[in-house]
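Here is my note on the structure you sent. Please read it with the structure open.

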Amino acid sequence: MTAESLSPTGAALFDVDGTLVDSNYLHVRAWQRAFREVGHDVDAWRVHRGIGLDSSLLLESLLGDDAQTLGERAKDLHSTYYLGARDSMRPLAGARELIRELHGRGVQVVLATSAPEEELDVLREILSVDSCIAHTTSSADVDDAKPDPGVVRAALDRASVSADSAVMVGDAVWDAEAASRAGVTFVGVLSGGISRAELTAAGAVAVFEDAQDLLDHLESSPLSELVGN
């Protein structure tokens, strides 16, 4: 059965960094370099705990009172260092195959991210499955990033589906919280470095090792409910 013979009945919303692309630890390194350059040495584990969080909240938590004066400079430096590491980015195991499989089954695949457009362009190039992606969101679509549910709601609007016709897949507790606040079922993956227990506590109804594990167990996962008949 081809995608053309199916009517998309639901949408799979995907976070990208740490879920589809192996880039979380590149973010950590980029933030560390940025913070050091503005006069703050921040331990890697502290940065990692904030990956996927709205950047203003991340800056407040790691720079404290200096976030107001140093935050914008740190953000600019982070973007420069992160994009400079694009040669080290790669799709996570099974990411491309999962997207292709869902697309082939008539599910709308939406990249639900608040990444800046420039970063999103690089991530899409790394994934190289644009023909299977129905819609994307970016920082231009929301005022606040996760855990604010705005990016999830924007993704639902793009796909023209209700919350109960979508499933969100992500690697961070912030993804889980955003999905839950938008009324969307959340499935977690461990590929971003956050534990199964934390993802479950944040609202994940199921947790898989990575995109490949999710693909291998697709029929028994919440994503199976999205497939058209």
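1. Buried means under 20% relative accessible area, exposed over 50%, and partly exposed in between (1.4 Å probe, protein chains only). Buried residues make up 55% of the 229 residues in the protein.

2. On the source: this is a predicted model, in which local features need pLDDT of at least 70, side-chain atom pairs count only at pLDDT 80 or more, and totals for chains, interfaces and linings use all residues. Residues are numbered from 1 along each chain as its sequence is written, and side-chain values use heavy atoms, with hydrogens and water left out.

3. The protein has 10 helices and 6 strands. These are DSSP runs, numbered from the N terminus: helices are H or I with at least four residues, strands E with at least two. The radius of gyration (over C-alpha atoms) is 17 Å, close to the 17 Å from the globule rule (2.2 Å times the number of residues to the power 0.38), so the protein is as compact as a globular protein of that length.

4. Contact means heavy atoms within 4.5 Å. Take contacts between residues at least 6 apart in sequence: 67% join residues at least 24 apart.

5. Now helix H4, residues 67-83. H4 has 17 residues and reaches 22 Å from its first C-alpha to its last. That is close to the expected 24 Å, taken as 1.5 Å times one less than the number of residues.

6. Which residues of H4 are buried? They are Ala-67, Gly-71, Ala-74, Leu-77, His-78, Tyr-81, Tyr-82 and Leu-83. Their cover includes helix H1 (24-37), helix H3 (55-63) and helix H6 (117-127).
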